[in-house]
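Biologist: Can you take me through this model? I would like to start with the overall picture and then go into details.

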Amino acid sequence: MRQRASILETPPGEDGHHGLVNLMFLILAATTVNMCLRQYTQSGQLVDLSLFWCLASDVTAGVLVFVIILLLCICAYAVLKLCTVGWIGDSACVGWYIMLLVGFVIAPLYAIIWLLPLAPLVSVILGIQWNIFLMKIHSYFAVNFARRLGKGGPPEPINFINFLEFLLLPTLVYQTSYPRNAHIRLWYAAKEFVQCLGISMCMYICVKDFIFPVLTEQWLGGTHYHY
């Protein structure tokens, strides 16, 4: 297989936009470095995080709402576990699960919108995590309950460690086992993590320097947030 001459060239057999995407990221990175140097010459710091801290305030309230969401997930697991060991019947299990789903929808939504005045960034993160956990617990319950009824394979033992592992895995579909490598590629994970941080920093700087001033000018008539 022919090797690429540079990262800006599309490798053989790959998507035709592969090299273009790399070029766009290169331009974004160069622009970010230029803005960081300009910020350093003006204020003596490479990155001004004042906007971030303004949008990410109310962390304590956000942690409280996250704990509520996590407790509702654990309650859903507890209902399924009680049904598995025979303490409650199948009909009661479904009834309790439906009530938990209603609470899972109402309680975090009420806390985020009406009860706690959360910062925009905290609200967005909690909203995303809330939807992820909602889909996860439904997948976990549906698969295990169907197996208990003899559908989709024999029932698998339910344990709390397995449930927590599924909550942390980057998937929305529960399976009794997942294909994985024999060992974790630490260098690959570290490289992806650093790339994620770099892209996030690029996006933050571009939003702060180019997008946010325009929004405040259009929406607030030139009155900027005091961050």
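Biologist: Where does the model come from, and what are the ground rules?

Modeller: This is a predicted model, in which local features need pLDDT of at least 70 and side-chain atom pairs count only at pLDDT 80 or more, while totals for chains, interfaces and linings use all residues. Residues are numbered from 1 along each chain as its sequence is written, and side-chain values use heavy atoms, with hydrogens and water left out.

Biologist: What is the secondary structure of the chain?

Modeller: Seven helices and zero strands. Helices (H or I, at least four residues) and strands (E, at least two) are DSSP runs, numbered from the N terminus.

Biologist: How many of the residues are buried?

Modeller: Of the 227 residues, 25% count as buried. Buried is under 20% relative accessible area, exposed is over 50% and partly exposed is in between (1.4 Å probe, protein chains only).

Biologist: Let's take α6 then. Which of its residues are buried?

Modeller: In α6 (residues 160–168), N162, F163, F166 and L167 are buried. They lie on the same side of the helix because they cover an arc of only 140 degrees around the axis. That arc is taken from the directions from the helix axis to the C-beta atoms. I161 and L168, on the other side, are exposed.

Biologist: What covers the buried residues?

Modeller: The cover includes α3 (59–84) and α5 (120–148).

Biologist: What happens at the start of α6?

Modeller: A side-chain oxygen of N159 comes to within 3.4 Å of the backbone nitrogen of I161.

Biologist: Switching to the largest nonpolar core, which residues touch the most other members?

Modeller: C73, F104, Y140 and F163, out of 30 residues. A nonpolar core is a set of buried Ala, Val, Leu, Ile, Met, Phe, Trp, Tyr and Cys residues joined through side-chain atoms within 4.5 Å. α3, α4 (90–115), α5 and α6 each supply at least two residues of this core, and the largest share, ten residues, comes from α3. Apart from this core lies another of seven residues, among them C36, Y204, I205 and F212.

Biologist: What does F163 touch?

Modeller: Not counting residues up to four places away in sequence, F163 touches C73, I74, Y77, I137 and Y140.

Biologist: What about S139, buried or exposed?

Modeller: S139 counts as buried because its relative accessibility is 12%. S139 is in helix α5. Leaving aside neighbours within four places in sequence, S139 is in contact with F166, L172, V173 and Y174. A polar atom of the S139 side chain lies 2.8 Å from the backbone nitrogen of Y174.

Biologist: And L134, what is it in contact with?

Modeller: L101, F104 and V105, leaving aside neighbours within four places in sequence. L134 is also in helix α5 and is partly exposed, at 22% relative accessible area.

How values were computed: Contact = heavy atoms within 4.5 Å. Polar contact = N/O pair within 3.5 Å; in protein donor to acceptor, adjacent residues only side chain to side chain.
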